[in-house]
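What follows is a walk through a predicted model, taken one region at a time. Please keep the sequence and the structure side by side while reading.

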Amino acid sequence: MTSARDEILGRLHERPVNGEDQLPPPWQSRRQFPDLAARFEEALTAAKGEVKRVADLPAALEEIGRLLSSLDAERVVINGAPAPLDEVTWEERFPGCRWHIAGQSEGALRAFCAEADVGISSADAALAETGSIVVQSGPGRSRLATLLPPVHIALVPGERLTADLFTWVAGRGEAEFPANLVLISGPSKTADIEQTLAIGVHGPKRLIVILY
């Protein structure tokens with residue numbers, strides 16, 4: 001006796017393959033933002049995040065120095081990749097802090113992150129629609145650096161701005177996705193049954209994106 005499943009699979013196997021059996025074209029976003037940076041700042045600010053817009057990488061590093069000073073940061077954990085993080089000698093540029101670079105520094109990363117004042121990362125994309133940054137894990141890219149310290153600073157080049165998640169995924173083509181991919185939209189937030197919002201209970205209390 002033929003089951004419904006066998007019948008359906010049989011029909012699929014019998015279907016002829018011709019020139020019309022092609023994948024659809026890449027999805028195109030219908031969201032249009034005249035100024036991606038302005039939209040990103042607006043969306044992230046609404047989500048309780050902070051955006052610092054500067055002209056270039058040297059100005060971005062100066063901004064990081066000001067932030068570390070204002071936070072009285074003593075212990076800073078930073079991901080060793082991707083660019084521009086791997087282009088800076090952090091210990092030499094900011095000697096007043098004790099640094100742990102994921103994938104490079106000796107010692108227990110988890111223990112350092114648990115006591116760190118600030119975690120620094122870059123982002124693979126910045127989504128204008130929702131004010132989110134996309135952070136991948138992998139060699140030199142630890143999730144702990146973005147989750148355990150009370151302040152997360154993300155250093156993001158402006159060319160990584162894109163309209164929304166779908167546009168970013170479509171633009172990746174056939175590139176493989178990592179085992180872990182996190183979309184971060186502001187600091188950690190949670191709410192009790194009465195919907196009273198609490199910030200920083202399960203992660204960083206502040207997310208600061210330096211966009212250059």
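Threonine 162 is found in strand β8, which covers residues 161-162, and with a relative accessibility of 14% this threonine counts as buried. Once its neighbours within four places in sequence are set aside, threonine 162 is in contact with Leu36, with Ala126, Leu127 and Ala128, and with Thr167 and Trp168.

Arginine 31 belongs to the loop that runs between α1 (4-14) and α2 (36-46), and at 36% relative accessibility arginine 31 counts as partly exposed. Its contacts, again leaving aside neighbours within four places in sequence, are Glu129, Ala163 and Asp164.

From that loop the chain passes into α2, residues 36-46. At the start of this helix, a side-chain oxygen of aspartate 35 reaches to within 3.2 Å of the backbone nitrogen of alanine 37. Within α2, the residues Ala37, Phe40, Ala43 and Leu44 are buried. Viewed down the helix axis, the buried residues of α2 fall within an arc of 135 degrees, and they therefore line one face of the helix. Glu42 and Ala46, by contrast, are exposed on the other side of α2. What do the buried residues of α2 pack against? Their partners are the strands β1 (50-53), β5 (125-127), β6 (132-136), β8 and β12 (206-211), and β8 is the strand in which threonine 162 was found.

Most residues other than glycine have a negative phi, and most peptide bonds are trans. Lysine 48, which comes just after α2 in the loop between α2 and β1, has a phi near 75 degrees, a positive value in a residue other than glycine. Aspartate 72 likewise has a positive phi, near 55 degrees, without being a glycine; this aspartate is placed in the loop between α3 (57-70) and β2, and at 61% relative accessibility aspartate 72 counts as exposed.

Further along, the loop between β2 (75-78) and α4 (90-93) holds proline 82, and proline 84 is found in the loop between β2 and α4 as well. The peptide bond that leads from alanine 81 to proline 82 is cis, with an omega near 0 degrees, and the peptide bond from alanine 83 to proline 84 is also cis, with omega near 10 degrees.

The cysteines remain to be considered. A disulfide is a covalent bond between the sulfur atoms of two cysteines. How many disulfides does the model contain, if a pair of cysteine sulfur atoms must lie within 2.5 Å to be counted? By this rule the count comes to zero. Cysteine 97 has its closest cysteine sulfur in cysteine 113, but because 15 Å lies between the two sulfur atoms, they are too far apart for a bond. Seen from the other end, the cysteine sulfur closest to that of cysteine 113 is in cysteine 97, and the distance of 15 Å is too far for a bond.

Key. Residues numbered from 1 in each chain as written. Predicted model: local features only at pLDDT ≥ 70, side-chain atom pairs only at ≥ 80, totals over all residues. Heavy atoms only, no water. Helix = DSSP H or I, 4+ residues; strand = E, 2+ residues; numbered from the N terminus. Buried < 20%, exposed > 50% of the residue type's maximum accessible area, 1.4 Å probe, protein only. Contact = heavy atoms within 4.5 Å. Disulfide = S-S within 2.5 Å. Arc of directions from axis to C-beta. Polar contact = N/O pair within 3.5 Å; in protein donor to acceptor, adjacent residues only side chain to side chain.
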